[in-house]
Amino acid sequence: MSDENLQPVFQIQRVYLKDMSLEQPNSPSIFLEQEAPTIEVSLDVGAEAIADGIYESTVTITVTAKVKDKVAFLVEGKQAGIFEARNIPADQMDPLLGIGCPNIVYPYLRGNIADVITRAGFPPVHLAEINFEVFYQQRRAALAEAAAGTPADTTVQ
């Protein structure tokens, strides 16, 4: 019985759309533009404990489309998931919350953002797959660099 209590547990409790906003500051005139918009995408992830062994993981995407200097639309979406994670080794918890959970949540967010953009009257924007492991490593390196107060590429001769 004590062996069962030590078994790692990881379960999805719920995946949900936490926030979604759409702005079209230059509609309807922007629909008359013939030029294709430029698209900028920004990404953020987060995780927090909400109860003992229960965590919320969030992925936030902001998509900004501009035609020349005018904003065609700006969409921000935050998709979240509630996950149960118990008896996970401490060194594996941060990667689980920073890589594993966002990998589960992100496909839902991609679909929701594409749907909102299409419903707004624009051609669909299909967001690329994201390698959350690379994003996690880059974020950790940036945090370590900021904590040290010096660039990570310091060499002693």
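Me: Before the contacts come up, what does contact mean here?
Reply: Contact means heavy atoms within 4.5 Å. By that rule, 71% of the protein's contacts with a separation of 6 or more join residues 24 or more positions apart. Keep in mind that this is a predicted model.

Me: OK. How many helices and strands are there in the protein?
Reply: The protein has three helices and four strands. Along the sequence they follow the pattern α-β-β-β-β-α-α.

Me: And what radius of gyration does the protein have, against a compact globule of 157 residues?
Reply: The protein has 20 Å, while a compact globule of that length would be near 15 Å. The C-alpha trace spans about 65 × 55 × 20 Å along its principal axes.

Me: How much of the protein is buried?
Reply: Buried residues are 30% of the 157. The accessible surface is about 10000 Å², and carbon and sulfur atoms account for 52% of that surface.

Me: Which residues touch the most other members of the largest nonpolar core?
Reply: Val-59, Ile-61, Phe-73, Ile-113 and Ile-117 do, in a core of 31 residues. Two or more core residues come from each of β3, β4 (70–86), α2 (90–119) and α3 (132–148).

Me: Which of those gives the most to this core?
Reply: That is α2, with eleven residues.

Me: Take Ile-117. What is Ile-117 in contact with, leaving aside neighbours within four places in sequence?
Reply: Ile-117 is in contact with Val-63, Phe-73, Val-75, Phe-122, Pro-123 and Val-125.

Me: Now Thr-64. Where does Thr-64 lie, and is it buried or exposed?
Reply: Thr-64 lies in strand β3, residues 54–67. Its relative accessible area is 12%, and buried means under 20%, so Thr-64 is buried. Beyond neighbours within four places in sequence, Thr-64 is in contact with Thr-38, Ile-39, Glu-40, Phe-73 and Leu-74.

Me: And Gln-137, where is that found?
Reply: Gln-137 is in helix α3. From Gln-137 to Gly-98 is 9.5 Å, C-alpha to C-alpha, though the two are 39 residues apart in sequence.

Me: Last topic, charges. How many positive and negative charges are there?
Reply: There are 11 positive and 21 negative charges, and their mean positions are 7 Å apart.

Definitions and conventions: Residues numbered from 1 in each chain as written. Predicted model: local features only at pLDDT ≥ 70, side-chain atom pairs only at ≥ 80, totals over all residues. Heavy atoms only, no water. Rg over C-alpha atoms; globule rule 2.2 N^0.38 Å. Buried < 20%, exposed > 50% of the residue type's maximum accessible area, 1.4 Å probe, protein only. Areas by Shrake-Rupley, 256 points an atom, 1.4 Å probe, with all protein chains shown as cover. Lys, Arg positive; Asp, Glu negative; His and termini not counted. Charge placed at Lys NZ, Arg CZ, Asp CG, Glu CD. Core = buried A, V, L, I, M, F, W, Y, C linked by side-chain atoms within 4.5 Å.
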